Amino acid sequence: MTLEQPIEYQLPLIRQTEIHEKGRLTFGEGIRSLLRQDPDILFVGEIRDLETAQMSLRASMTGHPVYTTLHAGDSFAVVQRLEDLGLKREDFLSHLTWVVNQRLIRIRCHHCTPPASCSWCKGTGYYGRRPIAEILVMDEEVRSLFQNRLPLSQIRTHVEKRGFLSLSDQAQYLLKESLTTPDEIFLTLGEIMGEIH
Ligand SMILES: [Zn+2]
C-alpha cells in the first residue's frame, strides 16, 4: 500500500492512495488508516512532519517494512533530519536499516560525436539516463557511531573503509569511462562534488 502526492504511476497489484493535505488526508492520517488494514509493505511518499515520522516509526516497530523519502543534504544527514523533525535518535536508530541517496545522470549519445543534427539525441549529445546511488547500510556498528554522535566526516571515513561508494565516486567512474560529461556531473552533483573535492 502506498501514500503518494501525487500518484505518478499506476502500479498493478499495489493499492495506491493520493494524499490531499488541504483536505483531511495527511501522510500521518493516511498511515494510521493503512495500518488498520494490516499491509505487508508501506510506501510513504515523503516524511516532512512529526506526525508522519511518528506514524512511520510506529509502522516499522510493529514489523512493517516502510519505504519513504526525506529531504536531506546527503545519506549521512538523514539521522539529523529525523531528529530535527522531533523523533528521538535512540527510538528510531534501531529501526533505520538503510539510506539510499540517488540521482539520474544523462548518458552521452554514442550515435554522434560531436552532437550535430543527430536524430537519436536530437542534437543534445545525451541519449538515455543511468541511476547512481550511494547506499548507507545502518548496521549495529554504524548505528553506534550515530548514537555516539560522531562527526559525520568520521562516520563517512569509517564506512568508506568498508567499501561505501559515494555519489561522487560513482560520478567519477562514469567520467573515467566517458559515459557522461563534466557538465552533466556539475549540473546534477555540483554541490556534492564541490564539497568533497
Ligand atoms: Zn546523438
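1. Helices here are DSSP runs of H or I with at least four residues, and strands are runs of E with at least two, both numbered from the N terminus. On that basis the protein chain holds eight helices and six strands. The model is a predicted one. Read along the sequence, the elements of the protein chain follow the order β-β-α-β-α-β-α-α-β-β-α-α-α-α.

2. As to overall dimensions, the C-alpha trace of the protein chain extends over about 55 × 40 × 25 Å along its principal axes. Of the 197 residues in the protein chain, 22% are buried.

3. The domain assignment divides the protein chain into domain 1, residues 1-69, and domain 2, residues 88-197. The centres of domain 1 and domain 2, taken over C-alpha atoms, are separated by 27 Å.

4. Phi of L13 is positive, near 65°, although the residue is not a glycine. L13 counts as exposed because 4 C-beta neighbours lie inside 10 Å, where the cut-off for exposure is 12 or fewer.

5. Two packed helices are described by the angle between their axes and the distance between the axes. For helix α1 (residues 27-36) and helix α2 (residues 50-61), the angle is about 25° and the axes are 7 Å apart. Angles under 35 degrees count as roughly parallel, and α1 and α2 are therefore roughly parallel to each other. The crossing of α1 past α2 is left-handed. On the side of α1, the contact is made by F27, G28, I31, R32 and L35, and on the side of α2 by E51, T52, M55, S56 and A59. Sorted by class, the contact of α1 with α2 comprises five nonpolar, three polar and two charged residues.

6. Which residues of α5 and α6 meet, and how are the two helices oriented? Helix α5 (residues 140-147) packs against helix α6 (residues 152-161) at an angle of about 170°, and their axes lie 10 Å apart. Since angles over 145 degrees count as roughly antiparallel, α5 and α6 are roughly antiparallel to each other. Their crossing is right-handed. V142, L145 and F146 of α5 meet I155, H158 and V159 of α6. The class count for the contact of α5 with α6 is five nonpolar residues, one polar residue and no charged residues.

7. The loop between α5 and α6 contains R149. R149 counts as exposed because its C-beta neighbours inside 10 Å number 11, against a limit of 12 or fewer. From R149 to V159 the distance is 10 residues in sequence and 15 Å in space, C-alpha to C-alpha. V159 itself is one of the α6 residues that meet α5.

8. W120 is located in the loop between β5 (98-108) and β6 (126-137). Is W120 buried, partly exposed or exposed? W120 is partly exposed, because 14 other C-beta atoms lie within 10 Å, a count between the limit of 12 or fewer for exposed residues and that of 20 or more for buried residues. Leaving aside residues up to four places away in sequence, W120 touches C109, H111, C112 and Y127.

9. The phi angle of K122 is positive, about 55°, although K122 is not a glycine. With 12 C-beta neighbours inside 10 Å, K122 counts as exposed, because the class of exposed residues takes in counts of 12 or fewer.

Note on methods: Residues are numbered from 1 along each chain as its sequence is written. This is a predicted model: local features need pLDDT of at least 70, side-chain atom pairs count only at pLDDT 80 or more; totals for chains, interfaces and linings use all residues. Domain bounds come from an automatic or database domain assignment. Two residues are in contact if their C-beta atoms, placed from the backbone, lie within 7 Å. Axes are lines fitted to C-alpha atoms, for helices over the stretch in contact, and angles run from 0 to 180 degrees between N-to-C directions. Angles under 35 degrees count as roughly parallel, over 145 as roughly antiparallel, 65 to 115 as roughly perpendicular and the rest as oblique. A crossing is left-handed if the near helix is turned anticlockwise from the far one by less than a right angle, and right-handed if clockwise. Ala, Val, Leu, Ile, Met, Phe, Trp, Tyr, Cys and Pro count as nonpolar, Asp, Glu, Lys and Arg as charged, and the others, Gly among them, as polar.
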